[in-house]
Structures are given as C-alpha cells and as structure tokens.
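Open the model in your viewer and keep the sequence panel beside it. The stops below say what to select and what to look for.

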Amino acid sequence: MELTVWGIITAIVVGLIVGALGRLVVPGRQNMPIWLHLLIGVGAALLGTILARAIGIATETNGVDWGELLVQVVVAAIAVALVAGVGGRRRVTR
C-alpha cells in the first residue's frame, strides 16, 4: 500500500473543508476552536485515504478518484461529529 503525494494533498484539502463545515453539520453549540475542527478533519481524511487504499477503492486515475474522495469525506465527517458531540456532552450547565 503506497500513499501518493496527490492522495495526501487531497486528504488535507478535503479534511480542511470538511473540518470547517463540521460546525455546521453538528447541531448545537460546540465548545471547540475552529483549528481543532480543521485538525480533526485533516487527520480523518488521511485515515480515509489509507482506508480507501486498504479496501481497494482507491485506484490510479487521470483525474479525481471519486471513490477515495467519498471515503475521505465520510470518515472526516464522522470524526468531526463524534469529537464535537463527545466534547459537547462534557459541559455541565447550571
């Protein structure tokens, strides 16, 4: 399994976009800074690239690999929602 430079760049860009949109996807107020959303999104998108290559979805194409991109977006969106949801539940209101 070999990660290409293009796959890593795509994962970072997708992670930044999905991480930034994570605040809009998750209902309620999140007590997380935007940089944390971006960081979570990038990490999850890189994990999505590795996962897509491991299960054979990612292929070498001349354009955008839509299967790999879909896996990246799904993994990144789930990770942002989970971390924002878990962090939001820890807050105690009076």
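Colour by secondary structure: the protein chain has 3 helices and 0 strands, in the order α-α-α along the sequence. Helices (H or I, at least four residues) and strands (E, at least two) are DSSP runs, numbered from the N terminus. This is a predicted model, in which local features need pLDDT of at least 70 and side-chain atom pairs count only at pLDDT 80 or more, while totals for chains, interfaces and linings use all residues. Residues are numbered from 1 along each chain as its sequence is written, and side-chain values use heavy atoms, with hydrogens and water left out.

Switch to a surface view. The protein chain exposes about 6200 Å², and carbon and sulfur atoms supply 70% of that area; accessible areas come from the Shrake-Rupley method with a 1.4 Å probe, and for residues only the protein chains shown count as cover. Of the 94 residues, 33% are buried. Buried means under 20% relative accessible area, exposed over 50%, and partly exposed in between (1.4 Å probe, protein chains only).

Select Val 5, Trp 6, Ile 9, Val 13, Ile 17, Leu 21 and Leu 24, which make a nonpolar surface patch of about 740 Å². Patches are made of residues with over 30% relative accessible area and no salt bridge; like charges are joined within 9 Å, and nonpolar side chains (Val, Leu, Ile, Met, Phe, Trp, Tyr) within 5 Å. Within this selection, Ile 9 belongs to helix α1 and is partly exposed at 41% relative accessible area.

Which residues make up the largest nonpolar core? Select Ala 11, Val 14, Val 18, Ala 44, Ala 45, Ala 52, Leu 69, Val 71, Val 75 and Ala 76, 10 residues in all. The elements giving two or more residues to this core are α1 (5-25), α2 (34-54) and α3 (66-89), and α3 has the largest share with 4 residues. A nonpolar core is a set of buried Ala, Val, Leu, Ile, Met, Phe, Trp, Tyr and Cys residues joined through side-chain atoms within 4.5 Å.

Now centre on Ala 76. Apart from neighbours within four places in sequence, Ala 76 is in contact (heavy atoms within 4.5 Å) with Val 18, Gly 41, Ala 44 and Ala 45. Move to Gln 72, also in helix α3. Is Gln 72 buried or exposed? Gln 72 counts as buried, at 0% relative accessibility. Leaving out residues up to four places away in sequence, Gln 72 touches Gly 7, Thr 10, Ala 11, Val 14, Ala 45, Gly 48 and Thr 49.

Arg 53 lies in helix α2 and Glu 68 in helix α3, so the pair ties together parts 15 residues apart in sequence. A search of the whole structure finds 1 salt bridge, defined as a side-chain nitrogen of Lys or Arg within 4 Å of a carboxyl oxygen of Asp or Glu. Arg 53 is buried at 16% relative accessible area, and Glu 68 is buried at 7%.

Select Gly 67 in helix α3, partly exposed at 26% relative accessibility. For residues 38-57, the end C-alpha atoms lie 25 Å apart, and the span is 85% helix and 0% strand.
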